[in-house]
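Have the viewer open while you read.

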Amino acid sequence: MSHAHDDATRALIAARCAAFPRHDDGLSPAGLKRAAVAIALVAMEDGSAAFLLTRRSPRLRSHAYQWALPGGRCDAGETAPETALRELHEELGLALHAGDVLGILDDYPTRSGYLVTPVVAWAAAAGPLAPNPDEVASVHHVGLGEIAPPDVFDFTSIPESDRRVVRFRYEDDFIHAPTAALIYQFREVLAGRVTRVADLEQPVFAWK
């Protein structure tokens, strides 16, 4: 697929998201707290499409300085898209609206007690970002071409679980689940494939 940030790419991603058979059977909260994250697609300086990734602020009480998609816990009465767009604005100053949402991917249950819903959204003409330093240490633009090669994701094992641990290689680092799992499924949706990720494991440091 093209990686340009243009109407054709927007239409293609919207179509792939619409065709994706979202799976939520057996993933009802069951004690998990609802949360949502934004896979927010913006334009880079060269005109290509990228999604926004953050390093969480070291000031945060949980998961400090970990890689994350913009997002957070759902407030009472909020839908997942409402939460994702609100958090995107609070964390990065990027204001998108319901009409900018292209689709919703599978829920992912985390070891720390959340059921995370990924919301794919398109920023047609985003201005400069304004990261909130209380929540965000840095912001990164990950081009769609960067997640396309088969070798940027790998799977390993840990003695504490019989589930596979997914990892995404980025900037000489490894990004783990839940973020890596959500990005991996997004990559698969872009390619027109249906790949489930709820059973992909997180490293032990992310269990709390």
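1. A disulfide here is a pair of cysteine sulfur atoms within 2.5 Å. Bear in mind that this is a predicted model. With that cut-off, a search of the whole structure turns up zero disulfides.

2. So what about Cys 17? Cys 17 takes part in no disulfide, and the nearest cysteine sulfur, that of Cys 74, is 18 Å away. Looking from the other end, the sulfur of Cys 74 has its closest cysteine sulfur in Cys 17, and 18 Å is too far for a bond.

3. Are these two cysteines buried or exposed? Cys 17 is buried, at a relative accessible area of 6%. Cys 74 is buried as well, with a value of 15%.

4. Now for helix 1, residues 7–19. Its 13 residues, at 1.5 Å a residue, should span 18 Å, and the C-alpha atoms at its ends are 18 Å apart, which agrees.

5. Which residues of helix 1 are buried? They are Thr 9, Ile 13 and Cys 17. Viewed down the helix axis, the buried residues sit within an arc of 70°, so they line one face of helix 1.

6. As for the buried residues, they pack against strand 1 (33–43), strand 5 (101–104), strand 7 (114–122) and helix 3 (179–190).

Notes: Residues are numbered from 1 along each chain as its sequence is written. This is a predicted model: local features need pLDDT of at least 70, side-chain atom pairs count only at pLDDT 80 or more; totals for chains, interfaces and linings use all residues. Side-chain values use heavy atoms; hydrogens and water are left out. Buried means under 20% relative accessible area, exposed over 50%, partly exposed in between (1.4 Å probe, protein chains only). Helices (H or I, at least four residues) and strands (E, at least two) are DSSP runs, numbered from the N terminus. The expected span of a helix is 1.5 Å times one less than its number of residues. The arc is that of the directions from the helix axis to the C-beta atoms. Contact means heavy atoms within 4.5 Å.
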